[in-house]
Amino acid sequence: MLARLREWGVEYVFGYPGDLLSGRQIGHPLHPAAVLVPAGTLLGATALDLTRDPGLRPAARRLLGIGLLSAAPAAIAGWSDWLDTEGAERRVGLVHAASNAVGIASYATSWWQRRRGGSGLAAGLTGAAALGLGGWLGGHLAYALGVGVDTTAFQHGPTEWTDVLAASEVTTALRQVDVGAVSLLLTRVDGRLVAIDNRCTHRGAPLADGERDGDCVVCPWHASRFDLRSGEAVQGPASRPQSVYEVREVDGRVEVRRAEVRALRANPVGPRPARAFAGRH
Ligand code: FES
C-alpha cells in the first residue's frame, strides 16, 4: 500500500509515510520502541492502584493520561508495519492490534470512571490483561514470525575472495549472482563494480527484481531505497542497511568477499566448535 502511495506521488516533509513510521532514522523498527511509553505508564498505573493507597491515586491518573495519549503514535507505527505483512503475520498482527485496542479502551474507561469518582480498578485490570496478551502476540510476531527482524541477520557471504562471473557480464543493470547460499546484487556505479546483499533486509524481496534509480536500487515489494555503494537504506520502510561486499576484478573475472565482520550477528543456534560442548557429557 505504501508503495502505491508513492506511485500516486504522496510525499511528506520527512519522506514517505512508511519511511517516517518504520524507524529507518533510528536504525531499528520504531513500533517496539514506541510502545514502551504507553505500556510502561498504563501498567504502572495499575501497579499503583493495586497498592490501594489513596495518596497514589493522583499519580495513577496522570500515568493513565500519559499512557492513553502516547498510545496513538505507537499504534500508527504498528499499523505501518502491519501493512507490509501477509498471511499468518497479518492475521496475528490483527489479533495483536485488536487485543491492544481492547486494552486501551479499558484503560480509557478506567480513566473516565476515576473522573466520576469511581476506582477504575476493574477496568484497569482488564486493560492490563488485554495489553499483556497483545504484548505476548507482539513478541510472537517478532521472535517466531520474524516481523521487523533484519532478514539477512544470519546470512553469511564468503569471507575469502570468491570468483563469481566474468567482468564483461556486469553492466549498470541489476544482476543477481548466487554465491553458495547467499544471493548478491552486482552492478556498476560510475563504472565501478559494487555488490550488496540481494535479499532485502525488510521482508526479503530480491532486490535484483527492483528498479535502479540513479545510485540506488528500489525494492520491488515495498519501495525501500538502498544506496548501491554503501548499502544504506535511504528510504524506508526498511530500517536496516544492506550488507556490502568488496568487489575486485582479476584477469577479467569478478571476485567478491564480505566487507564487514558480523561477529555479533553469528547465528547463536548454528553449529558450534566441538570444544564448546566439552564437559557437558
Ligand atoms: S521487502 Fe519490503 S522494502 Fe524490500
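Modeller: A residue counts as buried when its relative accessible area is under 20%. The model discussed here is a predicted one, and of the 281 residues of its protein chain, 43% count as buried.

Colleague: Why is Leu185 called buried?

Modeller: The relative accessible area of Leu185 is 1%. The cut-off for buried is under 20%, and Leu185 is therefore called buried.

Colleague: Where in the secondary structure is Leu185 placed?

Modeller: Leu185 belongs to strand β3, which covers residues 182–189. The protein chain as a whole has 7 helices and 10 strands.

Colleague: What makes a residue a contact of Leu185, and which residues does Leu185 touch?

Modeller: Contact requires heavy atoms within 4.5 Å. Leaving aside residues up to four places away in sequence, Leu185 touches several residues, among them Leu174, Val194, Ile196, Leu207, Val217 and Leu228. As for Val217, its C-alpha is 9.8 Å from that of Leu185 in space, and the two residues are 32 apart in sequence.

Colleague: How many of the contacts in the protein chain between residues at least 6 apart in sequence join residues at least 24 apart?

Modeller: The share is 56% of those contacts.

Colleague: What makes the charged end of Arg90 count as sitting over the ring of Trp82?

Modeller: The charged end of Arg90 is 4.2 Å from the centre of the Trp82 ring. The definition asks for a distance within 6 Å and a position within 35 degrees of the ring normal. The charged end of Arg90 is accordingly listed as sitting over that ring.

Colleague: How many aromatic pairs does the structure hold?

Modeller: The number of aromatic pairs is 0.

Technical notes
Residues are numbered from 1 along each chain as its sequence is written. This is a predicted model: local features need pLDDT of at least 70, side-chain atom pairs count only at pLDDT 80 or more; totals for chains, interfaces and linings use all residues. Side-chain values use heavy atoms; hydrogens and water are left out. Helices (H or I, at least four residues) and strands (E, at least two) are DSSP runs, numbered from the N terminus. Buried means under 20% relative accessible area, exposed over 50%, partly exposed in between (1.4 Å probe, protein chains only). Rings of Phe, Tyr and Trp (its six-membered ring) pair if their centres lie within 6.5 Å; planes under 30 degrees apart count as stacked, over 60 as edge-to-face and the rest as tilted.
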